[in-house]
Each structure stands twice: as structure tokens, then as C-alpha cells.
Amino acid sequence: LALGETTWRLYQAMGQALLDRQICLSRQALVLQGLELAKARQSSVQVRERFGVATALEIQSTAQRLSEAKREVAEVEVACVMAQTQLAEALSVPVDSLTDLQWESWPVLTLPTAEQARRTALTHRLDLAKKRAEYQLAESELQFEVAKQYPSLRLAPGVLWSQGDAIWQFSLALPAALLNRNHSAIEVATAKRNLQAQRVYAKQSDIIGEVESLRLRSVSLVQPLSMAEAAQQEAKAQLNLLSAQFDAGQIDTLTLLEGKQQWLLASRAVLEAQSALQRASWALEQALQIPLPIVKPNE
């Protein structure tokens, strides 16, 4: 059990670091796109300003967008460095050794049913296994005390020489356990066994509640992700339409950039929803203490 707990802690540390790293890199890619859009918008507004058609509010809001985009890029870069460092610590390797590695994306996991989650947790949780082992020990101690009701006896008449009396005598005494049937020790062992049983029941109840809560949270985040992906598809279709209109000279650059901004916002919403589901699924996996099955590409 101690070996299993140590192994699982290492697995948790590595998995958490990998998930944080992927989410950070995905966010970094989007904020860099946001920075490019902010720069393009500023360039367009500067042209409008030279021709005297840009308002003061438009100029101010454009500068503010660019400043916020630069700040966000800097924050994400720091977060990515920290995630990379945490991963190196989890793997016990230098940070530089991770630079040239190729990384797979975080897999899509299959969420279990309530019955599957309960069965998996109750058969794999190491803390419950420890409680069960403590109960089995108490059960063994009780069995031992019960067995002592009928001890193995070597009844004399063994002929003994008494030094004090200088005579031969027979040993006729019986063990005390044979007379009182070891009742007091059995009662103590029974109480210990019952206490361990209650601890097993309590731990089992806690695990069932914890796992079901985490499972329901994961399930509740599936629909928001689907809605965010649908909104992203709509934004992409609208952007394609704006691009065609821009190529035909029907709209200006700022309108096209605004369409790109809406698509980027929709993409960020997808990332947030996806990250929330991934973190919830990862929390459920940790509660089950066994890796969740990965959804195959054709499913």
C-alpha cells in the first residue's frame, strides 16, 4: 500500500504538470493571435487618424486593447515557464531537457456512469484498502483470541522434583484460559474489530460522495463545451462571410478585424470550457485512483 501511494503521488504530480502545461500553451497561442489582431487594429486606426476619420474614443480604445494584449502575453509566458518547471520537477529532470521533446495533446477521457465510478473507486482507492487491511488485522486478532479458548494442553502427571519439599510431585494445574474461556480478551478484540468496521464504512461513504460529486461536475461541463464549440463554428462561418465581403470591397479593414476578434473570443471560450472539463475529469481520475479510459478517434 505504501508503494502504491508513492507511485500514485508521482503520477498525480506528473499529470497535473502536463495538464497545466498544455492549457497554458493553448492559451498562449490564442493570446498571441490576440496581440497580432490588436497590432493590426492599431495600424488601421492610425491610417484613419491620418485622414481625420478616427474618433478620439476609437484611438483610445485601440491603444488600450494593444496594451492589454501585451500584458496578457507577458502573463501567459510566465505561466508557461512555471508549468514547464513544475513538469521538470515532477519528472526529476532538468528543464532544458524538455525543450526538444514532442508532446501529444491531452486526451479526451470517457466519463464513467455512477455505478462504474462507485465500483472503480471502492476497488482501487488506496486509503480504503488501508482501512480494509486494518479491519482484517482486527479480525485476525479476534480469531486468535477465540482460538485461545481451547488452548493446546500438556497435562502432567509429569513427575516433578520439588527442591523445597525434597519430594516428587505431580503437576495437575490447568491453564487459566481454560477456566475463564478468554472472555475478556475476546470482548476487547471484538470491540476493536467493530471499531475498524465502522471506520471502513465511514471511509467508504466519504469516497462514494466525493466520487459522485466530481463525476456530476464533469458531466455538467460537457454541454457548455458543446455550446462553446457551436458558437465557435458560427463565428468561423461569419468570419468567412466577412472575408469574402472584404475581398469584394464591400467592408473595410476594421469590420474584418472585428470579425476575427469575435472568432478569437469564441475560440477562447472553447478553450475555457475545454480546460474546465479537462480539470474536472482529472480531479475525478485522481479520486478514482485509476486512469480513465481514453476516447478513441473513431468514437
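**Figure 1. A disulfide joins C24 to C80, with an S to S distance of 2.3 Å.**
This is a predicted model, in which local features need pLDDT of at least 70, side-chain atom pairs count only at pLDDT 80 or more, and totals for chains, interfaces and linings use all residues. Residues are numbered from 1 along each chain as its sequence is written, and side-chain values use heavy atoms, with hydrogens and water left out. A disulfide here is a pair of cysteine sulfur atoms within 2.5 Å. One disulfide turns up in a search of the whole structure. The link of C24 and C80 is left-handed, with -110° about the S-S bond. The pair ties distant parts of the chain, 56 residues apart: C24 sits in helix α1 and C80 in helix α2 (residues 56-91). Helices (H or I, at least four residues) are DSSP runs, numbered from the N terminus.

**Figure 2. Helix α6 (residues 183-220) packs with helix α7 (residues 222-247).**
The angle is about 15°, and the axes lie 4 Å apart. That makes α6 roughly parallel to α7, a label for angles under 35 degrees. Axes are lines fitted to C-alpha atoms, for helices over the stretch in contact, and angles run from 0 to 180 degrees between N-to-C directions. S218, V219 and S220 in α6 meet V222, Q223 and P224 in α7. Contact means heavy atoms within 4.5 Å. By class, this contact of α6 with α7 has three nonpolar, three polar and no charged residues. Ala, Val, Leu, Ile, Met, Phe, Trp, Tyr, Cys and Pro count as nonpolar, Asp, Glu, Lys and Arg as charged, and the others, Gly among them, as polar.

**Figure 3. Q232 of helix α7 touches W263, A266, S267 and V270.**
Residues up to four places away in sequence are not counted. Q232 and W263 are 31 residues apart along the chain. Their C-alpha atoms are separated by 6.4 Å.

Conventions
Helices (H or I, at least four residues) and strands (E, at least two) are DSSP runs, numbered from the N terminus. Angles under 35 degrees count as roughly parallel, over 145 as roughly antiparallel, 65 to 115 as roughly perpendicular and the rest as oblique.
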